[in-house]
Amino acid sequence: MKSLFRALLIVPLALAGMQVYAADYTIKFSHVVAAQTPKGKAAELFAKLVEERTNGRVKVEVFPNSQLYNDNKVLEAMRLSDSKTTGLMAAPSLSKFVKFSKTLQTFDLPYLFKDINDVHKLVDSPLMDRLSSGLDKKGLRALTVWDNGMKVFSINGDKPLRNVPADFKGKKFRIQSSKIAASMIEHLGGTPQKLPFKEVYTALGQGVVDGQENAWSNVYSKKFHEVQSFVSVSNHSYLGYLVVVSDEFWKNLPADIRTAVSSSLKDATAANRKYAAEADKADRKKIAADKYAKVVDMTDAERDVWRKATAPVWTEFRDEIGGELIDDVNKLLGR
Ligand code: LMR
């Protein structure tokens, strides 16, 4: 019945001179943020490009806002999926790979990057293969890195986060599932609390946690600033994403389809960097204009105090990540 319906639909279009294919492959792209964020927009663009470049042989369905999978649960689902025609794809933040990769934790090291240009220097270098190596053995194929931006800290209460440890003392901070973020919060003087992204707004609003760290576009699109008093421009680490797909699905795709998917990702990655740079500026401005939370700039000297307070995190994780790899990253970044 279904195929008869499809045939009826295809004939008039074919007669009109259009080539129409039913999709042979479906990619379900799951993510947790809002559609208008740099990740959400890049996922939509990727979907459009893939469909165009495969003449509809691949259909990409994008599921934003944790609609399909909450937080890093998607990685487990991806590992278990063995379908050769329906593939799961996602772009969890680099911090959420902690169960599958020790080396990717490098990205969480506080003050590793001065700015987003530093990030691109690393991500575009051959070191990126070393940082993400071994994921295929866990059933995950790493494809590219997408930006969100540098993270800022927000807090509820009567004073902004500026002095460490004084301003962090007695405060609870929501973090992602990152051991390094947990240690960093402790060194800043606060208490870390791991929570899925979907629960952050309510946890902040109900006082389950006092503050959180995130990029501007997530703070704005999820309205965190509406339930926070201050945002400190700490730029202490990077929020970026590793785009991954089930390795099994990827290996079974025909070469021409893989080429079309890869070229679409390449273009979506270039666009994502632009979206992220724009959102960084625009969403900061919107947060300041909304006047729920006060945006508090920090001087380099103030950031330096935070950097020194969190420096022991580097020593703590050096062996786990690999000392040689950390040295090579530092060398690349001119440290
Ligand atoms: C978070 O959990 O705070 C972020 O990883 C969400 C995201 O995907 O940007």
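Predicted model: local features only at pLDDT ≥ 70, side-chain atom pairs only at ≥ 80, totals over all residues.

Residues are numbered from 1 along each chain as its sequence is written, and side-chain values use heavy atoms, with hydrogens and water left out.

**Exercise 1.** Determine the strand order of the open sheet of 5 strands and identify its edge strands.

*Solution.* 
Step 1. Helices (H or I, at least four residues) and strands (E, at least two) are DSSP runs, numbered from the N terminus. Two strands pair if DSSP finds at least two bridges between them.
Step 2. The order is E2-E1-E3-E10-E4, and the pairing is mixed. The edges are formed by strand E2 (58-63) and E4, each of which pairs on one side only.
Step 3. On average, neighbouring strands of this sheet are turned by 20 degrees against each other, direction ignored. Axes here are lines fitted to C-alpha atoms, for helices over the stretch in contact, and angles run from 0 to 180 degrees between N-to-C directions.

**Exercise 2.** Describe the surroundings of strand E3 (residues 86-90).

*Solution.* 
Step 1. Strand E1 (residues 25-30) runs parallel to E3 and is joined to it by 5 bridges; one of the pairs is Thr26 with Thr86.
Step 2. Strand E10 (residues 238-246) runs antiparallel to E3, with 2 bridges between them. Here Met89 stands opposite Val245.
Step 3. Of the 5 residues in E3, 4 are buried (under 20% relative accessible area; exposed is over 50%, partly exposed in between, with a 1.4 Å probe and protein chains only).
Step 4. Helix H3 (residues 73-80) lies across E1, E3, E4 and E10, at about 150 degrees to E3.

**Exercise 3.** How are helix H11 (residues 300-321) and helix H12 (residues 323-332) placed relative to each other?

*Solution.* 
Step 1. Their axes come within 6 Å and cross at roughly 115 degrees.
Step 2. H11 and H12 are therefore roughly perpendicular to each other, since angles of 65 to 115 degrees carry that name, whereas those under 35 count as roughly parallel, those over 145 as roughly antiparallel and the rest as oblique.
Step 3. Trp314, Arg318 and Ile321 in H11 meet Gly323, Leu325, Ile326, Asp327 and Asn330 in H12, where contact means heavy atoms within 4.5 Å.

**Exercise 4.** Which residues of helix H4 (residues 116-123) are buried, and against what do they pack?

*Solution.* 
Step 1. The buried residues are Asp118, Val119, His120, Leu122 and Val123.
Step 2. They pack against several elements, including helix H5 (127-131), strand E4 (140-150) and helix H10 (255-290).

**Exercise 5.** Is Ser178 buried or exposed, and what does Ser178 contact?

*Solution.* 
Step 1. Ser178 lies in the loop between strand E6 (172-175) and helix H6 (179-188).
Step 2. With a relative accessible area of 2%, Ser178 is buried.
Step 3. Apart from neighbours within four places in sequence, Ser178 is in contact with Ser95, Asp108 and Lys194.
Step 4. E6 and E7 pair in the parallel sense over 4 bridges.
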